[in-house]
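Subject: Structure handover

Hello,

Here is the structure I promised to pass on. Please open it and keep it beside this note while you read.

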Amino acid sequence: MLVSVVIPTYNRLPILKKCLDSLENQILIDEIHDYEIVIVDDGSTDGTVDWLENNIETFPHLRLFEQSHGGPALGRNLGVDKSNGDLIVFIDSDLVVDKYFLINHVNSLIKAWKKNGNKKCFTYGSVINTSNFNNPKSEPFKFQDLSWAYFATGNVAIDKKVLKKSGLFDPSFRLYGWEDLELGERLRNMGVKLIKCPKAIGYHWH
């Protein structure tokens, strides 16, 4: 399968660089023939687009799109629309992942698809909050890192057809936050099951 990692970003260039570095180091398995990193710049004013365009050869999986500042819901919808993948992985642009990140999501999904006989599920990875900008991966998992959200775009993977059937994100959510929780309720009502995937770890810098 082709995996599309969709990331909206807005004025987060320093941590976005670390995010992209970690995504370019992914180890693949037979089930993943390739992956792409779909960045949607949401009208950044910190030089994000110029830097990405000037360093495009450093990130062979990167595809860059731009929009006027309209919020993450609009950005994620654009990213899904422009993606070529069979599977959509959402992360935020301030997340750093390990080299087994995509493998863990895909393995968990394939196991669930076989067990359920359909693709009506999504994997929800771990998000570890850290303030260690220089070495975010050094942070241990803490009790306060637990999340009770049903669907949170900081670290999830879902079949593209299932996602599109939900109607995608509501673009009326223009601020950062809540748009994924609202979509999660629609997915829950569709009978799309949450599959926890703790081995798919993302280190969230804040």
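Asp 42 is placed in the loop between strand 2 and helix 2 (48-54). Helices (H or I, at least four residues) and strands (E, at least two) are DSSP runs, numbered from the N terminus. Asp 42 has a relative accessible area of 1%, so the residue is buried. Buried means under 20% relative accessible area, exposed over 50%, and partly exposed in between (1.4 Å probe, protein chains only). The Asp 42 side chain reaches the backbone nitrogen of Gly 71 at 3.0 Å.

A word on the source. This is a predicted model, in which local features need pLDDT of at least 70 and side-chain atom pairs count only at pLDDT 80 or more, while totals for chains, interfaces and linings use all residues. Residues are numbered from 1 along each chain as its sequence is written, and side-chain values use heavy atoms, with hydrogens and water left out.

Now the cores. A nonpolar core is a set of buried Ala, Val, Leu, Ile, Met, Phe, Trp, Tyr and Cys residues joined through side-chain atoms within 4.5 Å. The largest one has 30 residues, and Val 3 and Ile 91 have the most contacts inside it. Two or more residues each come from strand 1 (2-9), helix 1 (13-23), strand 2 (34-41), strand 4 (87-91), strand 5 (95-97), helix 4 (101-116) and strand 8 (193-205). Helix 4 gives the largest share of this core, seven residues.

Which residues does Val 3 touch, not counting residues up to four places away in sequence? They are Ile 32, Asp 34, Tyr 35, Glu 36, Leu 87, Val 89, Leu 102 and Val 106. Contact here means heavy atoms within 4.5 Å. There is also a second, separate core of 21 residues. Val 80, Tyr 150, Val 156 and Leu 163 are included in that second core.

Next, charges. Side chains of opposite charge can pair when their charged atoms come close. The count here is six salt bridges. The rule is a side-chain nitrogen of Lys or Arg within 4 Å of a carboxyl oxygen of Asp or Glu.

One of them joins Glu 36 and Arg 63, at 3.1 Å from N to O. This pair links distant parts of the chain: Glu 36 is in strand 2 and Arg 63 in strand 3 (residues 62-66), 27 residues apart. Glu 36 counts as buried, at 6% relative accessibility. Arg 63 counts as partly exposed, at 25%.

Another joins Glu 179 and Arg 76, with the closest N and O atoms 2.5 Å apart. Glu 179 belongs to helix 6 (residues 179-189) and Arg 76 to helix 3 (residues 72-82), 103 residues apart. Both residues are buried. Arg 76 and Glu 179 are also linked with Asp 92 in a network of salt bridges.

Glu 182 is partly exposed at 26% relative accessibility. Arg 186 is partly exposed too, at 23%.

Back to helix 3. Its buried residues are Pro 72, Ala 73, Gly 75, Arg 76, Asn 77, Gly 79 and Val 80. They pack against strand 1, strand 2, strand 4, helix 5 (160-165) and helix 6.

Last, the rings. How many aromatic pairs are there? The count comes to two. Rings of Phe, Tyr and Trp (its six-membered ring) pair if their centres lie within 6.5 Å; planes under 30 degrees apart count as stacked, over 60 as edge-to-face and the rest as tilted.

Trp 51 and Phe 59 make a tilted pair, 5.8 Å centre to centre with 50 degrees between the planes. Trp 51 is partly exposed at 22% relative accessibility, whereas Phe 59 is buried at 2%.

Phe 90 and Phe 169 have ring centres 5.3 Å apart and planes at 80 degrees, so this pair is edge-to-face. Phe 90 lies in strand 4 and Phe 169 in the loop between helix 5 and helix 6, so the pair ties together parts that are 79 residues apart in sequence. Phe 90 and Phe 169 are both buried.

The charged end of Arg 76 sits over the ring of Phe 169, 5.7 Å from its centre. That rule asks for NZ of Lys or CZ of Arg within 6 Å of the ring centre and within 35 degrees of the ring normal. Lys 119 lies over the face of Trp 113, at 4.5 Å from the ring centre.

Best wishes

Definitions and conventions:
A polar contact is a pair of N or O atoms within 3.5 Å; within protein, one must be able to donate a hydrogen and the other to accept it, and residues adjacent in sequence count only if both atoms are side-chain atoms.
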